[in-house]
Amino acid sequence: MQLKPINEIRAFLEGIAAPMDIEIVDVEFDKRAQTLTVYIDTDQGVDLDTCEKFHNAINDPIDEFDPSFGQPYTLNVSSPGLDRPFKTKRDFERNLQKEVEIKLFAPLKGKKYIEGFLIGFDENTVTVKTQKEEIKISLNKIAKINQAIKFD
């Protein structure tokens with residue numbers, strides 16, 4: 001199936017999301033399942049009602065936008081989940097001073113997994129404070145960084 005570029009679809013959806021105080025976190029298309037999934041977030045988090053409200057808001061406009069050039073597809077709206085990887089500057093900003101988990105492509109100081117508090121970032125690196133030290137890690141060495149999830 002031919003599909004418009006994801007960045008065009010995302011830009012179109014952001015125009016609808018912004019006035020609703022909804023952030024488009026990611027847009028994915030699963031070719032095998034013919035499914036367009038839009039991951040959203042808000043400052044208050046995302047619940048089923050938020051997903052339904054946004055789905056209803058984009059359903060007709062996206063059909064007119066026609067991302068699949070007339071081919072059928074299924075539209076899903078979802079929360080990105082608690083363990084979603086940081087992808088945007090806002091993800092990093094929102095998690096400053098919070099505990100994060102980092103999985104590395106290759107070991108750094110003998111470890112492929114680091115847990116600590118995100119204390120800084122720029123376009124190339126993140127700085128994490130662990131129990132023992134502050135570590136500056138190049139983003140291209142990080143396979144995944146996300147908020148640490150703790151169960152009490």
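Guide: Happy to! A salt bridge here is a side-chain nitrogen of Lys or Arg within 4 Å of a carboxyl oxygen of Asp or Glu. What you see is a predicted model, where local features need pLDDT of at least 70, side-chain atom pairs count only at pLDDT 80 or more, and totals for chains, interfaces and linings use all residues. Residues are numbered from 1 along each chain as its sequence is written, and side-chain values use heavy atoms, with hydrogens and water left out.

Let's start with glutamate 115, whose side chain meets that of lysine 150 in a salt bridge at 2.5 Å, N to O. Because glutamate 115 sits in strand β5 (residues 111–121) and lysine 150 in the segment after β8 (142–147), the pair ties together parts 35 residues apart in sequence. Strands (E, at least two residues) and helices (H or I, at least four) are DSSP runs, numbered from the N terminus. Glutamate 115 is partly exposed, at 27% relative accessible area, and lysine 150 is partly exposed too, at 49%. For these words, buried means under 20% relative accessible area, exposed over 50%, and partly exposed in between (1.4 Å probe, protein chains only).

Now hop to glutamate 23, which pairs with arginine 90 at 3.5 Å, N to O. Glutamate 23 belongs to strand β1 (residues 23–30) and arginine 90 to helix α3 (residues 89–94), so this bridge joins parts 67 residues apart in sequence. Glutamate 23 is buried at 14%, while arginine 90 is partly exposed at 34%. Both also belong to a salt-bridge network whose members include Asp41 and Arg84. Altogether, the structure holds 13 salt bridges.
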